Amino acid sequence: MSDTNRTVAPRPGDEVAIELNDVHKWYGEFHVLKGINLSVARGERIVICGPSGSGKSTLIRCINRLEEHQRGKIVVDGVELTNNLKNIDAVRRDVGMVFQHFNLFPHLTVLENCTLAPIWVRKMPKAQAEEIAMKYLKRVRIPDQANKYPGQLSGGQQQRVAIARSLCMNPKVMLFDEPTSALDPEMIKEVLDVMIGLANEGMTMICVTHEMGFARTVANRVIFMDRGEIVEQNEPLEFFNNPQSERTKLFLSQILAH
Amino acid sequence: MADNLSIQGHAPVSESASPAEMVKPPALALGPLGWVRANLFNNWFNSILTILILWLAYKVIPPLLDWLVFNSVLPGEGVTNQTCRASGGACWAFIHEKYRLILFGLYPYEEQWRPILVVLLIIGLLGVSCNRNFWRPWLLGLWAVGGLVVATLMWGGILGLPFVPNNLWGGLPLTLILSVVGLVVAFPLSIMLALGRRSDLPIVKSLCVTYIELIRGVPLITVLFMASVMFPLFLPTGVTIDKLLRAQIGLILFASAYLAEVIRGGLQAIPKGQYEAADSLGLSYWQKTGKIILPQALSITIPPLVNTFIGFFKDTSLVIIIGLFDLMSASKAALTDPAWRGFYKESYLFVAFIYFIFCFFMSKYSQWLEVQLHRGHKR
């Protein structure tokens with residue numbers, strides 16, 4: 001019997017960055033998250049995989065309150081997510097998110113995209129915000145595109161700008177919602193390289209992805225979700241070589257087939 | 001053979017073959033003759049249509065030109081309404097005789113330099129506001145000052161200017177003031193209405209919906225009539241509200257309801273991902289709306305917005321219903337002169353021309369603005 005719904009204990013001495021406790025969510029009548037228990041330690045890299053409709057995107061969107069959970073408790077960095085707007089704002093400031101379809105602001109330049117939040121949310125002076133933005137744009141290797149508009153960039157470049165934009169807010173946790181699913185194969189590598197670089201610097205990351213190579217390289221823990229529950233979670237080597245549950249085995253056989 | 005990479009059955013193409021000679025296309029395919037052939041006579045239906053239109057043009061345009069230009073009576077020495085009636089052409093002398101009445105209504109003759117200045121000032125303010133580089137907070141200050149100057153010039157009563165009550169205002173300055181003030185005040189109101197209609201707060205939402213549907217459900221004439229005749233009935237006796245103000249408020253209410261729906265269409269067109277990205281960065285509702293959503297929504301809705309502006313500018317002609325003499329009704333007033341009765345064609349053409357100039361420039365500006373705003377989106 002697989003270890004469903006039992007929290008994997010964080011490594012000893014590590015503080016807990018994110019805690020989900022018996023989280024349920026419904027879309028109308030549809031029960032999309034069925035009692036999720038998850039504990040994420042600081043610096044831990046988690047990859048969530050699973051078939052479509054399993055609730056993985058919904059799960060990470062609940063962490064920064066883009067979706068609202070109806071039962072259970074979510075605590076991010078000591079702040080509990082409730083209807084309290086101040087709590088939600090505090091969490092969103094420290095949690096960065098990268099979307100499948102980039103969601104860059106098309107009417108602003110790349111630099112303005114990156115400096116908007118630091119200036120207006122963290123109340124930073126413009127010069128300082130631009131300095132930080134250029135630093136992160138250099139980090140994702142596109143400093144020369146700073147004055148272009150998102151519409152003038154390729155998909156891989158846009159996603160890297162999106163990552164830089166989130167990093168400019170100095171988040172404690174980064175959430176990735178299928179960051180490479182909308183990219184051409186040639187561009188996937190450049191985005192994954194940036195994410196691996198982030199992981200190596202100790203960023204706490206939760207990544208929903210189908211890129212199993214990335215999971216093997218970088219993840220501390222791979223979680224398999226199906227139909228709203230966490231079916232299995234394990235460290236990558238064990239997860240891929242020794243899947244416990246039948247559902248996991250089926251899923252792995254489908255995605256590793258080609 | 002394996003070395004021979006040609007497809008089975010075809011001789012290999014020699015690499016040294018020269019490219020085929022470039023030959024000029026046939027004469028009838030290029031140039032104006034070619035265009036005519038391709039567009040006007042390319043099939044039976046189009047050919048017949050072209051001939052029909054050419055025949056119509058032959059029938060209509062020469063007599064029209066005769067009336068408009070060749071037989072027209074231009075203003076000059078000794079030209080009177082008798083000369084005009086004798087000639088069969090357009091009587092432009094009538095316009096020369098009456099243009100001050102048409103353009104300025106009942107405004108006192110000697111003081112008409114003031115409404116001229118007002119018209120120029122409003123056009124100047126609009127021109128300055130067209131430049132995107134000037135879209136800064138100080139522009140609002142400029143408009144406030146401009147508004148004060150317009151008010152001083154039109155009313156007078158101070159600085160040695162004789163007082164002119166606003167029931168004597170008319171013609172082009174009145175149309176411009178009603179339209180510009182109407183749109184400038186209605187626009188922020190309509191943004192609030194559109195945002196309110198999309199909000200999750202039930203009271204705000206139902207208030208906005210009720211307002212919009214009520215105003216949209218009745219003709220502008222009714223709104224003006226309500227504002228002008230019904231509204232004073234609810235006021236305590238002795239309290240009156242200026243007639244011009246009543247008309248202005250009616251126009252503002254009307255414009256804001258229509259503009260709100262146009263803007264709401266734009267808000268709906270913004271992908272959900274934009275809202276989510278703004279939320280995930282920690283932007284507040286007003287920061288998100290003001291910096292991300294509204295700029296994109298207003299940019300998309302430029303065509304229907306300008307459409308509404310143009311329509312509204314001409315709708316101001318309905319204020320005749322409450323006894324204000326805008327450009328349209330001033331032109332009708334010019335025709336009541338017994339000596340110059342019957343020259344309604346010239347009068348309406350003149351007024352139509354003025355409306356056309358303003359609407360044409362609005363349209364051209366909006367096209368230019370769209371190109372400007374999309375420069376950044378193109379690869």
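This is a predicted model: local features need pLDDT of at least 70, side-chain atom pairs count only at pLDDT 80 or more; totals for chains, interfaces and linings use all residues.

How many residues does the contact take from chain A, and how many from chain B?

Author: The contact takes 25 residues from chain A and 20 residues from chain B. Between the two chains, about 2100 Å² of area is buried, and carbon and sulfur atoms give 60% of that area. On the chain A side, the residues that lose the most area to chain B are R92(A), F105(A) and H107(A); together they make up 25% of what that side buries.

A search of the whole structure finds one cavity of 30 Å³ or more, and the largest cavity holds about 30 Å³ of space. R92(A) is part of its lining, along with R93(A), V95(A), G96(A), S166(A), M169(A) and P171(A) from chain A, while S280(B) and L281(B) come from chain B. In chain A, helix 2 and strand 6 (95-98) each supply at least two residues of this lining. Sorted by class, the lining of the largest cavity has four nonpolar, three polar and two charged residues.

Next, let us turn to an open space. The second largest pocket contains about 1200 Å³ of space. It is lined by 27 residues, and those closest to its centre are D200(B), Y275(B), D279(B), Y285(B) and K288(B). Helix 2 (85-94) of chain A gives two or more residues to the lining of this pocket, and so do helix 7 (171-197), helix 11 (272-280) and helix 12 (285-300) of chain B. Helix 12 of chain B provides the largest share of that lining, with five residues. By class, the lining of the second largest pocket divides into 13 nonpolar, four polar and 10 charged residues.

T180(A) sits in the loop between strand 7 (173-177) and helix 6 (185-200) of chain A. With a relative accessible area of 4%, T180(A) counts as buried because that value is under 20%. Setting aside neighbours within four places in sequence, T180(A) is in contact with I188(A), V191(A), L192(A), T209(A) and E211(A).

Now try two arginines in loops. Most residues other than glycine have a negative phi. R141(A), however, has a positive phi, near 70 degrees. You will find R141(A) in the loop between helix 4 (126-139) and helix 5 (155-167) of chain A, and its relative accessibility of 51% makes it exposed. R227(A) has a positive phi as well, near 50 degrees. R227(A) is in the loop between strand 9 (221-226) and strand 10 (229-234) of chain A, and at 57% relative accessibility R227(A) is exposed.

Finally, a word on confidence. Chain A averages a pLDDT of 90, and 94% of the residues score at least 70. Over residues 1-13 of chain A, though, the pLDDT is below 50, and this stretch has 21 contacts in the model beyond near neighbours in sequence.

Definitions and conventions
Residues are numbered from 1 along each chain as its sequence is written. Chains are lettered from A and ligands numbered from 1 in the order in which they are written. Side-chain values use heavy atoms; hydrogens and water are left out. On a 1 Å grid over the protein atoms alone, a cavity is a set of points where a 1.4 Å probe fits but cannot get out, and a pocket is an open set with protein on both sides within 12 Å along at least five of seven lines; lining residues have an atom within 4 Å of a point. Grid points are joined across faces, edges and corners, and a volume is the space filled by probe spheres set on the points. Helices (H or I, at least four residues) and strands (E, at least two) are DSSP runs, numbered from the N terminus. Ala, Val, Leu, Ile, Met, Phe, Trp, Tyr, Cys and Pro count as nonpolar, Asp, Glu, Lys and Arg as charged, and the others, Gly among them, as polar. pLDDT is the predictor's confidence in each residue, from 0 to 100. Contact means heavy atoms within 4.5 Å. Buried means under 20% relative accessible area, exposed over 50%, partly exposed in between (1.4 Å probe, protein chains only). Buried area is the accessible area (1.4 Å probe) that two parts lose on being put together, summed over both.
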